Amino acid sequence: MDIVFTSEEFAEVERFKSLYPQPKAAIMPVLWMAQKKFGWLSEDVMRYVSSIMNLPYSHVLGVATFYTMYFKKPMGHRHVQVCTNVSCMLRGGEDIFNHISEKYGIGHNECAADGDISLEEVECMGACGGAPMIAINEDFYENITIEQIDAILAGLK
Amino acid sequence: MYSVPHLVLPQISDLHKLDVYVANGGYGQYRKAITMTTDAVIDEVKRSGLRGRGGACFSTGMKWSFMPKGNDKPKYLAINGDESEPGSFKDRQIFEYNPHQLIEGILIAGYAMGITKAFIYIRGEYHKWVRLMQEAVDEARNRGYIGDGMKQTFGGNYTLDIVVHKGAGAYICGEETALMNSLEGDRGYPRFKPPFPANKGLWGMPTTINNVETLATIPPILAIGPEAYSKIGAPKHPGTLLYGVSGHVNKPGVYELPSGTLLTDIIYKYCGGVPGNKKIKAIIPGGSSMPPLRGDEIEGVMMDNESLRAYNTYIGTGGIMVMDEDTNIPKVLLRISRFYHHESCGQCTPCREGNGWMEKILRRIVKGDATSHDLDVLFSVASNIEGNTICALGDAAAWPVKGFLTKFRSDFEACVKPTREFLSPNIAHGRRQSAETLIQSV
Ligand SMILES: Cc1cc2nc3c(=O)[nH]c(=O)nc-3n(C[C@H](O)[C@H](O)[C@H](O)COP(=O)(O)O)c2cc1C
Ligand code: SF4
Ligand code: FES
């Protein structure tokens, strides 16, 4: 895919910039937009963001690497995030992580060879009342069992 | 709309819709606020006794009064919805079920401090709740409840606009100065204080940072009056709190109750007790950075900051984590330390390195490879982090370590060997029996 935004996306970048007293603040929403479109933040994508944001590449790289949710390598079509922090751990979060890891042969922050699925062990997602929980891409699944996860992952294929 | 204790989350269905909110008197407290002087509004908040719900329990009215008067330069309000402290999941309820009350609270705060622009910072993982909050903000703007349309809706010249900003996965951005750096488009490194945000905050301008729940509490305070509010719950930490209960309880969730509610009532009356009727081993009362309580000391504990201080712990975010008698305490502490190590931004040596050491020592303890000497080293590392860092993440990491080690010493001792044994002693070790004698001889 060519690394270039459409004119609508450019308009969106300008809108983001206008929301803040200084345009630099738009970098997070623009990185989100870039990740959504290009899948992950490769060096080329970050250089592109740096050029349209008028910011040094080093700054874009610095910001992108500060946050765990910006992907610095390709991730799966379905990015499965398993919380193993305390409340989820107390209710079986680790078993869930191990199950998915074994089933798909991938570890933390790894992606299956066909790019279909990737796995991440995440810190508390703010869903402790629904522990154990996982998230697939942007959706939370709370109070979940291994059987339900298998069914969801089978159904989503 | 408001009947105690349902002030922040009134039990009205579809309250997230603007029409329903307005039909129940919503935005009426803002109308009332603008008939008062700004000082009078701040004074009401002060008299209510409201203390911040983001963890530090600072007086909200006091914080607002630190903002400089006058409109010669822009001032900003940042609303902290980063909500990443393990065990905390309460602000999310407000985004989902009562976003307009948060917006109304922002309007009142903005009016009181002369602020015309507010930023709601929401953690990136909350995709859905970022969306819901954005929808509520857009609806409010389209219908003239925020932005330029306010002049027509409410009269007068004051307007305020709100930007919803999505984080991208960094616990540290909940720390108020890190939040400001993140919002400005930099790495989310905490800033050294002073200068305090009220003098030099976002883009160098006076800024107030408040938690989501704090601001959502403002409309009910004006509605029922500051005196009535200050009489709810514990006198020194009044009002209702959103207790988020998780872990080993039958009905986990968010419960809005008066401050100072008995911990045992929260667990047994509201949350239906512990699965399998097991005994409680430990409770973290306010998010993972707060020192734990032992299961055998929770009788009579009241859940407000002042009462908890008597037990050397604090209310924090009100996120209560319950652990039953079968819980492996060293393992829980390892998980907590792993978290703080992962989330340390790395600016301060004690936090960056100390957290790494604590995680490593705890790993050894959990594996059964540690000695009793390691427990003392662990405690001293925690003590050397505490108070020696730029931001309070250092303290947040040290407190649970010191708390768990102190209150559950026997659990840790059961995992460690009295002295270290070497599997293949080299020449030096061959002359000495253990690491302990080695250390003593130097
Ligand atoms: C490491 C760290 C993380 C924090 N995370 C949050 C958070 O997620 N949400 C929050 O409201 N406050 C958080 N705080 C507290 C904020 O710095 C600040 O005190 C608070 O937002 C002020 O709002 P309040 O006065 O309304 O409580 C955090 C503090 C530290 C040191
Ligand atoms: S205490 Fe830790 S998180 Fe806070 S500024 Fe220092 S290194 Fe960063
Ligand atoms: S511990 Fe898993 S969501 Fe909070």
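1. The shell around ligand 1 takes at least three residues from each of domain 1 (18–230) and domain 3 (329–413) of chain B; the domain bounds come from an automatic or database assignment. This is a predicted model, in which local features need pLDDT of at least 70 and side-chain atom pairs count only at pLDDT 80 or more, while totals for chains, interfaces and linings use all residues. Residues are numbered from 1 along each chain as its sequence is written, and chains are lettered from A and ligands numbered from 1 in the order in which they are written.

2. Among the 24 residues around ligand 1, B:Gly52, B:Gly54, B:Gly174, B:Asn211 and B:Thr214 come nearest; a residue counts as near if its C-beta atom, placed from the backbone, lies within 6 Å. Strand S4 (207–211) of chain B gives the most to this shell, three residues. Helices (H or I, at least four residues) and strands (E, at least two) are DSSP runs, numbered from the N terminus.

3. Around ligand 2 there are 14 residues, of which B:Cys345, B:Cys348, B:Cys351, B:Thr389 and B:Cys391 come nearest. Helix H16 (349–367) and helix H18 (393–407) of chain B are the elements giving two or more residues to this shell. H18 of chain B also supplies at least two residues of the shell around ligand 1.

4. The contact between the chains involves 44 residues of chain B and 31 residues of chain A, with contact meaning C-beta atoms, placed from the backbone, within 7 Å. On the chain B side, H15(B) provides the largest share, five residues.

5. Chain A comprises domain 1 (7–66) and domain 2 (78–155). Their centres, taken over C-alpha atoms, are separated by 29 Å.

Conventions. Two residues are in contact if their C-beta atoms, placed from the backbone, lie within 7 Å.
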